[in-house]
Amino acid sequence: MSSRDLVLGRVRRALADVPGEDGAPPEPGPPDGDPSYERAVGRSYLREHGARSVARTVDLLAENLADYRAVVHRATEEELPGLVARLLARRGSRHVLVPPGLPPAWLSAADPVRVHDRAVSTPRELDEVESVVTGCAVAIAETGTIVLDGGPDQGRRRITLIPDHHICVVRVPGQVVASVPQALERLDPARPLTWISGPSATSDIELDRVEGVHGPRTLEVVLVSEG
Amino acid sequence: MSGTFIGMPAFPKAAHEAVNNATLRGNLRHATHTIRAKRAKAVAEVSDWAELREAGKRIKDHTLRHLDRYLVQLEESVTAAGGVVHWAADAEEANRIVTDLVRATGESEVVKVKSMATQEIGLNEALEAAGIRAYETDLAELIVQLGKDRPSHILVPAIHRNRGEIRDVFVREMGAWGRAAPEGLTDTPAELAEAARLHLREKFLRAKVGVSGANFMVAETGTLVVVESEGNGRMCLTLPETLISVVGIEKVVPAWRDLEVFLQTLPRSSTAERMNPYTSMWTGTTDGDGPRTFHLVLLDNGRTDTLADEVGRQALRCIRCSACLNVCPVYERAGGHAYGSVYPGPIGAILSPQLRGTASEIDASLPYASSLCGACYDVCPVAIDIPEVLVHLRERIAQGGRATRNGDTVVLRPAKGHAAERAAMRAARWAFDRPGALRAGQRLASGTRRFHPRTLPGPGRAWSGTRELPAVPAESFRAWWQRTRGGKDVTE
């Protein structure tokens, strides 16, 4: 007998005492088409916590990002290239990683040498790059989280991991949702997703939070108002 | 389960040694009290915590009830997304599968994300025996690995170490494993984190094989989720060419949507954050991004045996947040090592004896490692009634009975050492069935109360060694009721 059959057989024997939910045998197939599943789960929790105006939701995002030590900036689309250039210059970065579909205007005023996100680059080569500039897929106000889904303006997962400085541009209010449930509705599980809430941190020494371990130690989020 | 610490004494003996270690008690008290207050604040921020907790419980219960169906669905989804699914009935099989997969890559080292499942099966030791070196990359796991130590907490395996001890371990051991600790390293947490960053960087950049666990697996989509803080998880999950994830079968959830519950409850319960710094989600493989090969090893190793227990199966709802450890008065004093398992604290006291069985001295003693105060149940984000399971397991240890081991039903004999307890219970049952005998016994006890000892002789001594015997009243309630006709003739 294969281990697969062995384990599944054990599961079925272990559940021999359990009647089907509502006394009925469970329906096969995905939970979407399964009334017993949604009935069993209930879901009486909230879709978002409190009613806020759009502007207030964006403010909450900024507050929560800052609370976990991300550096938050605001800009209009016209101001964005100048701001990105200043942030890279202040950091002293000589190289900047660029996702393939980053809007060219974002880096139009920046001096550092562009390093393009390519499959052939080795992690060691990327380790020489000081900064990376990306967009994002969605941002969550209640938790201060930005989510990357590998879209054209975000690139491969590793480019936002190896450089020590990440500038992430969020279009507000279009890319901002209030809550975790609303974010999951917008995301495609088939894409590789990275949820980022502040810079890399650890609680491993005496259960106290320290920022800065393996991921980017500086996270700058630019909230760009859509014109 | 092979994660048993060999030769581990029963809990009371191990705990006795631990409570006499003042440094350990200080470290634990400091850490658990810090996190307790922060967790309470993080939970209070969400007004629907009770509803989220209930939904988490129901999702897990529903999944366990139809576990076979969701595992098959998960296998289909992961396979369709480009992953390869393996099944392991026990630790030995899982270790063999992973070892063979690593060997097939031709590599002799792997980088690891912190994973309870691989700790449980002793994967690092199995790989070592096959000439493959496994590097732990979580900061606390690194501290444990470098210090040749054992984990003592689910979330923070080095919780028993304070910053000074961590510094000493780094200075002493890092050089032998790779890049040595920086000159003049102090014990500030930021410097210690920096030392770990430098030490592990070279390992991440050259790694060809990554090994992980997962916090959740979504049956509907085939998505795996790893929740972490430091970025070491992202490194291991995205830089290597081959990724091998070893995950317990109870980690499956039915739908993508279910993550909306656990991504709200897990970070607040574990590190007391609104959200942890990094969460990675991947579905099979992605062209040109991350590992080209993805293997998922589904691990049983006692989980189906636990599932067969009608009361005990709720332990499989656990999402490994460790909130129960942080509030437990027994854990705070005894520390994690006394539990003799990678799963310490209240959840360990019900999980280890079910995953491993109660044949060993340590496992038979674990259900007694609790005062049954219930704080663990209160904080549990999936509402596991840990005291209920503890009492259930105590009953099975003292009285014996049916259990499932390796898929087969076995009848356990009553444990030795509980004979006096059983005799006392039998005597009580006999007396309560016979009102005359009970009355005579109570009169005798009241009449001789001046001569009662303060402690019990013989096997009762263990019980009364730390407790005062209750004073026997001059008159029993039943006698008082008869004499006064229920308090109507009160004539003193």
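UniProt annotations may be inferred rather than shown by experiment, and their positions are given here in the numbering of this structure. With that in mind, the structure is a predicted model, and one such annotation, "domain: LUD" from an unreviewed entry, covers residues 61–224 of chain A. Over residues 61–224 the chain is 18% helix and 34% strand, and the end C-alpha atoms of this span are 13 Å apart.

Chain A can be taken first. An assignment of domains divides chain A into domain 1, residues 3–41, and domain 2, residues 54–225. The C-alpha centres of domain 1 and domain 2 of chain A are separated by 42 Å. The confidence of the prediction has a mean pLDDT of 92 in chain A, with 93% of the residues at 70 or more. One stretch of chain A, residues 22–26, has pLDDT under 50, and the model gives this stretch eight contacts beyond four places in sequence. Where pLDDT is low, the predicted coordinates should not be read in detail.

Next comes the sheet of chain A. Six strands of chain A make an open sheet, and their order is S1-S12-S7-S4-S2-S3, with parallel pairing. Strand S1 (71–76) and strand S3 (113–116) of chain A are the edge strands, each pairing on one side only. From one strand to the next, the twist averages 25°. Within this sheet, strand S7 (165–172) and strand S12 (218–225) of chain A are paired in the parallel sense by eight bridges. To find one position in this pairing, look at A:Cys168, whose bridge partner in S12(A) is A:Val221. Helix H4 (80–91) of chain A packs on the sheet and touches S1, strand S2 (95–98), strand S4 (131–134), S7 and S12 of chain A. The direction of H4(A) makes about 170° with that of S12(A).

The peptide bond from A:Val172 to A:Pro173 is cis, with omega near 0°. A:Pro173 lies in the loop between S7 and strand S8 (176–177) of chain A.

Three domains are assigned in chain B: domain 1 (1–45 + 322–416), domain 2 (48–137 + 208–299) and domain 3 (419–484). Between domain 2 and domain 3 of chain B, the C-alpha centres lie 55 Å apart. UniProt, in an unreviewed entry, places the feature "domain: Lactate utilization protein B C-terminal" at residues 393–483 of chain B. That span is 49% helix and 11% strand, and its end C-alpha atoms lie 43 Å apart.

Chain B also has an open sheet of six strands, in the order S1-S10-S7-S4-S2-S3, with parallel pairing. At the edges are strand S1 (84–88) and strand S3 (133–136) of chain B, each of which pairs on one side only. On average, neighbouring strands of this sheet are turned by 25° against each other, direction ignored. Several of the pairings can be followed residue by residue. Strand S7 (242–248) and strand S10 (293–299) of chain B pair in the parallel sense over seven bridges, and B:Val247 has B:Leu298 as its bridge partner in S10(B). Strand S2 (109–112) of chain B runs parallel to S3(B) and is joined to S3(B) by four bridges; here B:Lys112 stands opposite B:Glu136. S2(B) also pairs in the parallel sense with strand S4 (209–212) of chain B, over two bridges, and B:Val111 stands opposite B:Gly210 in S4(B).

A further backbone detail in chain B is at B:Ala272, where phi is near 60°, a positive value in a residue other than glycine. B:Ala272 is placed in the loop between helix H12 (259–270) and S9 of chain B.

How many residues of chain A are in contact with chain B? There are 67 of them, in contact with 83 residues of chain B. Elements that give two or more residues to this side of chain A include helix H1 (3–14), helix H6 (180–186) and strand S9 (193–196) of chain A. H1(A) gives the most, with ten residues. By class, the side of chain A that touches chain B has 34 nonpolar, 18 polar and 15 charged residues. Strands take part as well: S9(A) and strand S9 (278–283) of chain B run antiparallel and are joined by four bridges. In this pairing, A:Thr194 stands opposite B:Ser280.

Note on methods: Residues numbered from 1 in each chain as written. Chains lettered and ligands numbered in written order. Predicted model: local features only at pLDDT ≥ 70, side-chain atom pairs only at ≥ 80, totals over all residues. Contact = placed C-beta atoms within 7 Å. Nonpolar A, V, L, I, M, F, W, Y, C, P; charged D, E, K, R; others polar. Pairing = 2+ DSSP bridges. pLDDT = per-residue confidence, 0-100. Domains from an automatic or database assignment. Axes fitted to C-alpha atoms, helices over the stretch in contact; angles between N-to-C directions.
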